[in-house]
Amino acid sequence: MTLRFIRSGLSLMLAATAFQALAQDFPNRAMTMVMPYAAGGPGDTITRVFAGAMQKHLGQQIVVDNTAGASGSIGTAKVARAKPDGYTLLMIHVSHATNQAMYKSLPYHPVDDFEPIGRATSGPMVIVARNDFPAKNLNEFVAYVKGNSAKVSLAHAGVGSASHLCGLMMMNALNVKLNEIPYKGTGPALTDLMGGQVDILCDQTSGTVPSVKTGKIKAYASAGKNRLPQLPDVPAISDAGVEGFEINISFGLYAPKGTPKPVLDQLTGALQKSVSDPEVRQRLEAMGISAVGAELARPEALRAHLKNEIDTLGGLLIKAGVKAN
Ligand code: MLT
């Protein structure tokens, strides 16, 4: 046997041993879960629920890192560049699919640069407004927006975000063009909505239901065909005859490409226990969000979901001629 062959055999063995050792005592220190939108928004709320639940099953603290900006692509790039050792994770939703269509040059590929761990949640969106918005009900809201579109400002969390997608669908359905005001997340957008600095927002219920219930903002409609059990008096947008407008937002968990399989398996296991945890399910239900079943908190399910969103929602944005840069 040549010396080179022996050396390459040895280096492979050493790598496999190091690989095994990493996986064997994982996790042995605090972990980071990156949420690529600002604190206080619906994504941040969901991330904190899962960081809290998963750290119980993994036995190490999970710190939430809100690295926001550029429709979630800054935080996502941070995870793509992180060491693939299982200590840096990404919690993200539809913008992982849409950013590829929105940005000419992303510093990562949403599929090639990540390992899917599993799906976490799915949930509806609701159209909300500042409390003194001049419409007493959904029909008046539709009439006012249609008749005053040049004056109405629409907040969202950046091109391709869930709130932007919902805003696009609403503008398409009402055939209007509103004044878009982008934020680093709908947490800050909600603050401006409560302060009256911006008029309307379509956001996930994990960011809005508590503020509607406490009367800080008002809700006109759920963005779909069905009312929300958490807001039973709020009609569905289809109740006003506005059709073809339904959106549901799912969050999923990723690790950087190259994270060892035994580590990924442990992370998937902790995610599955979290989505099955009655306390987690109850906390999310109260915000109108559903934890997925354990069978979807798996890599294959998230991989398939991401591919579907890239093919459908990415296409919708390209058709709408929406570009980020
Ligand atoms: C969005 O897509 O609108 C974001 O999820 C908002 C957020 O989480 O801040």
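**Exercise 1.** State how many nonpolar, polar and charged residues line the largest pocket of this predicted model.

Solution. Step 1: sorted by class, the lining of the largest pocket holds seven nonpolar, nine polar and three charged residues. (A pocket is an open set of points on a 1 Å grid where a 1.4 Å probe fits, with protein on both sides within 12 Å along at least five of seven lines; lining residues have an atom within 4 Å of a point.) Step 2: the space in the largest pocket is about 210 Å³. Of its 19 lining residues, P124, N226, R227, L228 and N248 are the closest to the centre. Step 3: strand β4 (residues 114-129; a DSSP run of at least two E residues) gives the largest share of this lining, four residues.

Residues are numbered from 1 along each chain, and side-chain values leave out hydrogens and water. Local features need pLDDT of at least 70, side-chain atom pairs 80 or more, while totals for chains, interfaces and linings use all residues.

**Exercise 2.** Find the salt-bridge partner of R227 and where both residues lie.

Solution. Step 1: R227 pairs with D239 in a salt bridge (Lys or Arg nitrogen within 4 Å of an Asp or Glu carboxyl oxygen), the closest N and O atoms being 3.6 Å apart. Step 2: both residues lie in the loop between β8 (218-222) and β9 (248-256), so the pair ties together parts twelve residues apart in sequence. Step 3: R227 is partly exposed at 44% relative accessible area (buried is under 20%, exposed over 50%, partly exposed in between), and D239 is partly exposed at 45%.

**Exercise 3.** Decide whether D85 and R29, joined by a salt bridge, are buried or exposed.

Solution. Step 1: the closest N and O atoms of D85 and R29 are 3.3 Å apart. Step 2: the two residues are 56 residues apart in the chain. Step 3: D85 is buried, at 6%, whereas R29 is partly exposed, at 42%.

How values were computed: Points joined across faces, edges and corners; volume = space filled by probe spheres on them. Nonpolar A, V, L, I, M, F, W, Y, C, P; charged D, E, K, R; others polar. Salt bridge = Lys/Arg side-chain N within 4 Å of Asp/Glu carboxyl O. Buried < 20%, exposed > 50% of the residue type's maximum accessible area, 1.4 Å probe, protein only.
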